[in-house]
Amino acid sequence: MSVLSEGSKTLPKVKAAGSGWRLSAGNRDRLISAASPFVLLIIWEILVRVGFLDARFFPAPSSIFSTLVELVRDGSLWNNTWATLQRLFWGFFLGGIPGLLLGIGMGLNRPLRAFIDPLISTTYPVPKSAIFPLILLICGLGEASKIVMVAIGVFYPVLINSTIGVLEINKIYLDVGRNFKASRWQTFRTIAFPGAVPHIMSGIKLGLGLGLMLIAIAEMIGAKSGLGYMIWNAWEILSVETMYVGLIVIALLGFLFSMALNEVERKLVPWKNSR
């Protein structure tokens, strides 16, 4: 009896001692996500040094990093990155907000969905880069054409995912809102938007990634600043390391945006991350 009682007393202590160093699922996921790009860079460095990759076309990450340091020191990398971020922000704002509002409206209003859905189905498959010459013709070579390019790319994923998110809300919640005489604004604020948040976050992630791709394309064609311009200019002068710096910075921006949106999603949709 005494042995059993002693064992039962020591068991919780063992659990408590072991829980001090064990990572939670969320912290483990953050650690893995932060480490994966560095693992890729280490493998890349090794493959170049052993001669498996041609350094003329795939410079070692250490060589690219030294070029990055030079571009940071002369200020050109900061200026180009800031120009890209400004265009991305305004494009995301001008495309994401209308896409969100219209998407939720389409999910709540069947006649509106019937009217807009064929237009979306018709225009969405058109490659956004293919319409850039038309955007240049309409908006000119200034900042407006780059911002419109991003806005168009962001608009569709946010709208489509917002609509799907509202349509997948259990109908009983909408019926409860009608029974309690909820106004359209109350239905939007308390039922439609919270219920569609998981899909909205997916649309924002997709839209942000597409926006980064499109802003790089737009800056290659009609800009004198930005990461896309820096990559294209480096190609013209055959500065391969500078090209990779631009590509890696764009990839890093996408990674940081994704990490930030994942943290926001963990706060807004905590039940989704428990799976």
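## An aromatic cluster and its surroundings

Phe-89, Trp-90 and Phe-93 form one aromatic cluster. For such pairing, the rings of Phe, Tyr and Trp (its six-membered ring) have centres within 6.5 Å; planes under 30 degrees apart count as stacked, over 60 as edge-to-face and the rest as tilted. By this rule the protein has 7 aromatic pairs.

Phe-89 is partly exposed at 49% relative accessibility, and Trp-90 is partly exposed at 44%. Here buried means under 20% relative accessible area, exposed means over 50%, and partly exposed lies in between (1.4 Å probe, protein chains only). Another pair, Phe-155 with Tyr-156, is edge-to-face because the ring centres are 5.4 Å apart and the planes stand at 80°. Tyr-156 is buried, with a relative accessible area of 11%.

## Basis of the model

The model is predicted: local features need pLDDT of at least 70, side-chain atom pairs count only at pLDDT 80 or more, and totals for chains, interfaces and linings use all residues. Residues are numbered from 1 along each chain as its sequence is written, and side-chain values use heavy atoms, with hydrogens and water left out.

## Overall architecture

The protein contains 11 helices and 0 strands. Helices (H or I, at least four residues) and strands (E, at least two) are DSSP runs, numbered from the N terminus. Of the 275 residues in the protein, 33% are buried.

Among contacts with a separation of 6 or more, 72% join residues 24 or more positions apart; a contact means heavy atoms within 4.5 Å. Ser-202 belongs to helix α9 and is partly exposed, at 27% relative accessibility.

## Surface

The protein exposes about 17,100 Å², of which carbon and sulfur atoms supply 70%. These areas come from the Shrake-Rupley method with a 1.4 Å probe; for residues, only the protein chains shown count as cover.

Phe-89, Trp-90, Phe-93, Leu-94, Ile-97 and Leu-101 make a nonpolar surface patch of about 610 Å². Patch residues have over 30% relative accessible area and no salt bridge, with like charges joined within 9 Å and nonpolar side chains (Val, Leu, Ile, Met, Phe, Trp, Tyr) within 5 Å. A salt bridge is a side-chain nitrogen of Lys or Arg within 4 Å of a carboxyl oxygen of Asp or Glu. Phe-93 lies in helix α4 (residues 76–108) and is partly exposed, with a relative accessible area of 41%.

A nonpolar core is a set of buried Ala, Val, Leu, Ile, Met, Phe, Trp, Tyr and Cys residues joined through side-chain atoms within 4.5 Å. The largest has 33 residues, of which Leu-77, Ile-104, Leu-227 and Val-245 touch the most other members. Two or more residues come from each of α2 (25–49), α3 (61–73), α4, α7 (143–167), α9 (184–222), α10 (227–236) and α11 (240–268). Helix α9 gives the largest share, 11 residues.

Leaving aside neighbours within four places in sequence, Ile-104 is in contact with Ser-162, Val-166, Phe-188, Ala-192, Phe-193 and Ile-200. Asn-80 is found in helix α4 and is buried, with a relative accessible area of 10%. With neighbours within four places again set aside, Asn-80 contacts Ser-225, Gly-226, Leu-227, Tyr-229 and Met-230.
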